[in-house]
Amino acid sequence: MRPKASTLGSVDGQATFAVTAVCRANGGASMMKGFSVMELFAAKGACSFGAHVVIHELGLPVKVTLVGIGQPRSLIYRINPLGKVPALALKDGTVLTESSAILPFLADLRPGTPLFAAAGSIERAQIQSWIGYINSEIHAGALRVANRPERFSGDSTARDATRDAGFALLKAGLAPIEQHLAIHDYLVGDRFTIADAYFGLFAGRLQHFRDELPGFSALKRYADRYDERFSVRAARMLEELELAA
Ligand SMILES: N[C@@H](CCC(=O)N[C@@H](CS)C(=O)NCC(=O)O)C(=O)O
């Protein structure tokens, strides 16, 4: 299956175009035949959205290709054998997976960007700390339990209880974020960073669970601010149109 369409980010206003050459998944599949441009494999509205937003924030020359997930014949399996997005294919054929690696890698393509911080700085560690927390405690450790209870128990009668446990984990995991956002606009410092590019997607998604997650008003305001960013609007519009970046 090929993605429906794709476009590219740009550097200094100059768009670049390229044809993807996906040739083979190789054992651990971290190397593939070279790509003529860096390519992000993403899925509509998935956690890959954070990386998609960073590409627009920084105007990076990265092609964004939308793939299906949860579909056995999807192109993503030829890029990442786990079938998960995001996956970032580099020009030399290396495939990077995991948001915790991809987000910093993209930001470092623009040294000195306010989206990240200098190597060795406390701010850089704090940004990575938030990404790690959101990735493990919120996404994998709680949201996935609430959203995909069938992955945690083969017993269909246990689904509701598993889902409830997921929401309990979410409430506990979100509490420190809510406290933080009650007095700060961003996760780190006074500016939007790659941690916000990543968490904003989850903050928005959580608004669909107002009954299960009452309160969290600071989180809601944060999600609204995220939605107003040009980069978020651009990435969302392209994903809605199934055009991607
Ligand atoms: N730990 C990975 C998780 C990636 C992940 O779970 N992606 C989801 C979309 S939000 C996915 O591709 N799911 C497809 C599947 O599990 O089959 C990361 O943070 O990058």
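Which helix does Phe-202 lie in? I started my notebook there, and the entry reads α6.

**Entry 1: Phe-202**

I am working with a predicted model. I counted 23 other C-beta atoms within 10 Å of Phe-202, so I logged this residue as buried. Leaving aside neighbours within four places in sequence, I found Phe-202 in contact with Ile-134, Ile-138, His-139 and Leu-143. I also checked Ala-46: Phe-202 and Ala-46 are 156 residues apart in sequence, yet 9.2 Å apart in space, C-alpha to C-alpha.

**Entry 2: the whole chain**

Next I looked up the overall picture. The protein chain has eight helices and seven strands, and 39% of its 245 residues are buried. Among contacts between residues at least 6 apart in sequence, 64% join residues at least 24 apart.

I then looked at confidence. The chain averages a pLDDT of 88, and 86% of the residues score at least 70. Residues 1–29 are where I slowed down, as pLDDT stays under 50 there. The model does have 64 contacts beyond four places in sequence for that stretch. Where pLDDT is low, the predicted coordinates should not be read in detail, so I left them alone.

**Entry 3: strand β4**

How many of the five residues of strand β4 are buried? I got five of the five for residues 38–42, so this strand is largely enclosed by the rest of the structure. Met-38, Leu-40 and Ala-42 point one way from β4, while Glu-39 and Phe-41 point the other way. β4 pairs with strand β5 (residues 62–66) in the parallel sense, over five bridges. Across that pairing, I found Leu-40 opposite Val-64.

**Entry 4: helix α3**

For α3 (residues 99–107), I listed Ser-99, Ile-102, Leu-103, Leu-106 and Ala-107 as the buried residues. They sit on the same side of α3, because they cover an arc of only 125 degrees around the axis. I then asked what covers them, and my list includes α1 (49–58), β6 (87–89), β7 (95–97), α4 (122–147) and α6 (194–206).

**Entry 5: Glu-57**

Buried or exposed: what is Glu-57? Glu-57, found in helix α1, has 26 C-beta neighbours inside 10 Å, so it counts as buried. Not counting residues up to four places away in sequence, Glu-57 touches Leu-115, Ala-197 and Ser-231. I looked up one of these pairs: Glu-57 and Ala-197 are 140 residues apart in sequence and 9.0 Å apart in space, C-alpha to C-alpha.

**Entry 6: around the ligand**

The residues around the ligand are Ala-43, Ala-46, Cys-47, Ile-69, Gly-70, Gly-83, Lys-84, Val-85, Pro-86, Glu-98, Ser-99 and Asn-135. I sorted this shell into six nonpolar, four polar and two charged residues.

Most residues other than glycine have a negative phi, and most peptide bonds are trans, so I went looking for exceptions. A cis peptide bond joins Val-85 and Pro-86, with omega about 0 degrees. Pro-86 is in the loop between α2 (76–79) and β6.

Glu-98 has a positive phi, near 80 degrees, and lies in the loop between β7 and α3. I noted Glu-98 as partly exposed, with 15 other C-beta atoms within 10 Å. Phe-216 also has a positive phi, near 50 degrees. I placed Phe-216 in the loop between α6 and α7 (217–228), and its 23 C-beta neighbours inside 10 Å make it buried.

Conventions. Residues are numbered from 1 along each chain as its sequence is written. This is a predicted model: local features need pLDDT of at least 70, side-chain atom pairs count only at pLDDT 80 or more; totals for chains, interfaces and linings use all residues. A residue is near a molecule or strand if its C-beta atom, placed from the backbone, lies within 6 Å of it. Ala, Val, Leu, Ile, Met, Phe, Trp, Tyr, Cys and Pro count as nonpolar, Asp, Glu, Lys and Arg as charged, and the others, Gly among them, as polar. A residue is buried if 20 or more other C-beta atoms lie within 10 Å of its own, exposed if 12 or fewer, and partly exposed in between; C-beta atoms are placed from the backbone. Helices (H or I, at least four residues) and strands (E, at least two) are DSSP runs, numbered from the N terminus. The arc is that of the directions from the helix axis to the C-beta atoms. Two residues are in contact if their C-beta atoms, placed from the backbone, lie within 7 Å. pLDDT is the predictor's confidence in each residue, from 0 to 100. Two strands pair if DSSP finds at least two bridges between them.
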